[in-house]
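Please look over the sequence and the model, then read the points by topic.

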Amino acid sequence: MAAVNFTLNGHPQTVDAVPAMPLLWVLRDTLGMTGTKFGCGMSLCGACTVHIDGQPQRSCVTPISAVAGKKVTTIEGLSPDRSHPIQMAWIEEDVPQCGYCQSGQIMTAAALLSKTSNPTDADIDEAMRNNICRCGTYEDIRRALHRAAELKRAGGAR
Amino acid sequence: MNRRNFLRSSAAAAGGLLIGCYLPERRRLSADTAAASNKLNAWVLVGNDDTVTLYIHKAEMGQGTVTSLSMLLAEELECDWSKIRTEFPGVDRAYGGFQGVVGSQSIRSSYNSLRQAGASAREMLVEAAAQKWGVDKSACRAEKSTVVNTASGARLTYGSLAEAAAKLPAPANVALKDPSQFKIVGKSMKRLDTPGKVDGSTTFGIDVRLPNMLYAVVERCPVFGGTVASFDDTKAKATPGVKSVVKISNGVAVIADSTWAAMEGRRKLVVQWDEGKVAAFSTPGITQAFADAVAQGGAPPARTVGDAAAALAGAAKKLDAVYQTPYLAHAPMEPLNCTAWVRPDGVEVWVSTQMQSGAQQIAAQKSGLPAQKVQIHTEYMGGGFGRRGGVDYIGEAVEVAKSAGVPVKVTWSREDDMRHDTYRPASYCRFAGGVDAEGWPVAWTASIACPSFAGANTSTEGVRDMAYTVPNFSVDYHNVDPGIPVSYWRSVGYSQNTFFAESFLDEMAHAGGKDPVEVRRRFLAKNPRLLATLELAAEKAGWGKPLPAGWGRGVSVVNNIGSNTVQIAEVSVAKGKVKVHRVVCAVDCGAVVNPAGVAQQIASGIAFGLSAALKGGVTIKNGRVEQGNFDRYDVVRIDEMPNVEVHIVPSQAASGGIGEASTPGIAPAVCNAIFAATGKRIRQLPIRPEDLA
């Protein structure tokens, strides 16, 4: 066990954990933040995607020791009130069905939008193709991502 | 920081007492006895603050049931849609003796009963208002969560009437609205469950947290049906965080203070298995057993029309074909899991399940307590697709929790989920067909071999019950079961048999030099609804219009779960790869509750069926599943999703199902389109590059 200090959704966080314990399980079991989902455990499905220093990363294969000193953002910290353009667009377009993969979809989409303000379909394919949805919400995700880009432009940078 | 995050961080700071705060709001509401006294019937509770709580006795796996059943209730209740909240109640006889979501039944089984429940509650509120005003009920009208006194214009809110209304007897024989008066039903409504699914606050089964809860994983025999011979848990028990190791009927459970610790402990277990007889089976041998059974013949017929053998003998042109499909895993995004707390006086189970009634029964059986001592907490499902209609994982969790004395959450890894599934059966079908001198099919025989969990019915559906009036037809069925567990998989037997039948009909059409839509038209002439659905799809898809070189269109017709769907796929094939560009789907599912929900489910079913057509396949080696994760069991990705156009046939006929409507038709529509594009006939799924080269 070792103490790891990092920033979680804008606040300092300390956890005492086995260094190899994946960030996913620290979030879910130790900290009770269950918005980040377990899907495959092998970085194959994207359900566990969080931002580490602004980059989308798979928390299921990220040992807690690797986030020491870094800024981690989870779905719970994306906005305080579902006001991130991606969340607003996801609500407008009613994207989720079962919803289980959507935390990961949203975190991946938010990262895309932060670096590409007006993503093309090809940009979306490239960024999103490693996030699996078994309900097949892909067309809604694509539409919502384009809509989120519009909302972001209309509301200024975020 | 919002309230939820605030609660989380303060609880985390308190250390260990993480609980309570994370319980879904609905359970806190249940504890509110003042509000509970305002329950008007099993489905409707009106709070003093005007919130309306609707108890959804089914379950939500993405199919939109929470929203569509709320619409049925709210339509007659005349409540303010923006003030609705929903809860999943426990298992209760008040809901008719069966609670579960299987067979795309939720709307069909609730269309009238939930409107009745909403109307009955509304009448109680109106009666309470009439008594308060001292006027006749006929002078009162309900609208948007208020009762209006039509003489004076006075209004009383539902919240102010709820307590009095709850004391009134439920009225008998409440008149339901004429559909022409509907304000909600039949309109596209936003899903009620979206907000919690975009901020991480929705609690799925896997997210349940309880005071003193422990976490477990189970090492199961890699061979189906195998049992534990012996095990050494010395190193597992020495793993940090591991609390105990227990043998259960199907394996060895490691119980720890986190999921990760349990997984780490499990890796250090040493288990010797008695593998049992399924270890003798591998996919090539299973396929051979299917082929042998069909070659041997002599299976009882599942349906016979006319004299297919005689018609075949006299046909101008004959064709034969063998079609095959593999076992398939369900692979819902939320791996199986279940949380159970077994106490001497009762059992509580928190689980994402399609089968609440069965959950209660298995928990009673495994705990030795009567069913009325078992409380089932229905959680949102991260996908079900039929897998969560099984209760094996629930019984297993109860077994694990029995030894612990505290709540235990059993989580399956992705590999556990994929290797201990109850699979869509692998299947094998040999067809013979004959066309007459004018090119029309006149004879069609089918012989199917596959394992079954429900006899010939589910094993031949999609062939046996086709709507086509082919004059001479027969199908027989051989139950060949190597012991791999099989069960319901979205659309069940149609998932393979529709691929077989709609592909072979296409073969017969081409053999006779006929247009595939024209052949279907001929044999659907006596089925006006299906024919109209076909015509709508053909028109919207531009059937017969030119396409670029290397492209093709394919059609499929399906009549399942009380609904009709016709799909026309547009594909292109290049360098051994198929790209599905567009799918037009016309659907007649009778009276529609939520058109937006229908469109979602059509696209969803297509994505599910397309994954199976292009990629899906579970193979067996020495009784073990070879695939374990999404690297070897791939599914359709965003860049492979076709543009799906849904066209709903307006109808006031009885509602059909929708969740499984579009899954069967996509594989044959795509494969028929591949034939149109390339002349290559796909007779085995998933489609392999060599089949297209």
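Predicted model: local features only at pLDDT ≥ 70, side-chain atom pairs only at ≥ 80, totals over all residues.

Residues are numbered from 1 along each chain as its sequence is written, and chains are lettered from A and ligands numbered from 1 in the order in which they are written.

**Chain A**
- Chain A has five helices and five strands (DSSP runs numbered from the N terminus: H or I of at least four residues for helices, E of at least two for strands).
- Along the sequence their pattern is β-β-α-β-β-β-α-α-α-α.
- The radius of gyration of chain A, 15 Å, agrees with a compact globule, because 158 residues would give a value near 15 Å (taken over C-alpha atoms; the rule is 2.2 Å times the number of residues to the power 0.38).
- The C-alpha trace of chain A spans about 45 × 35 × 25 Å along its principal axes.
- In chain A, 60% of the 158 residues count as buried (20 or more other C-beta atoms within 10 Å of the residue's own, with C-beta atoms placed from the backbone).

**Between the chains**
- On chain B, 58 residues are in contact with 51 residues of chain A (C-beta atoms, placed from the backbone, within 7 Å).
- α19(B) contributes the most to the side of chain B that touches chain A, with seven residues.
- That side of chain B consists of 28 nonpolar, 17 polar and 13 charged residues (Ala, Val, Leu, Ile, Met, Phe, Trp, Tyr, Cys and Pro are nonpolar; Asp, Glu, Lys and Arg are charged; the others, Gly among them, are polar).

**A sheet in chain B**
- Seven strands of chain B form an open sheet with mixed pairing, in the order β9-β10-β7-β17-β14-β15-β16 (two strands pair if DSSP finds at least two bridges between them).
- The edge strands, β9 (242–248) and β16 (374–378) of chain B, each pair on one side only.
- Strands β7 (residues 214–220) and β10 (residues 251–256) of chain B pair in the antiparallel sense over six bridges, and B:Val218 has B:Ala253 in β10(B) as its bridge partner.

**Helices in chain B**
- Helix α12 (residues 356–367) of chain B lies across β14 (337–343), β15 (346–351) and β16, at about 140 degrees to β16(B) (axes are lines fitted to C-alpha atoms, for helices over the stretch in contact; angles run from 0 to 180 degrees between N-to-C directions).
- Helices α4 (residues 65–77) and α5 (residues 106–133) of chain B pack at about 35 degrees, with axes 7 Å apart.

Notes
Contact = placed C-beta atoms within 7 Å. Buried ≥ 20, exposed ≤ 12 C-beta atoms within 10 Å, placed from the backbone.
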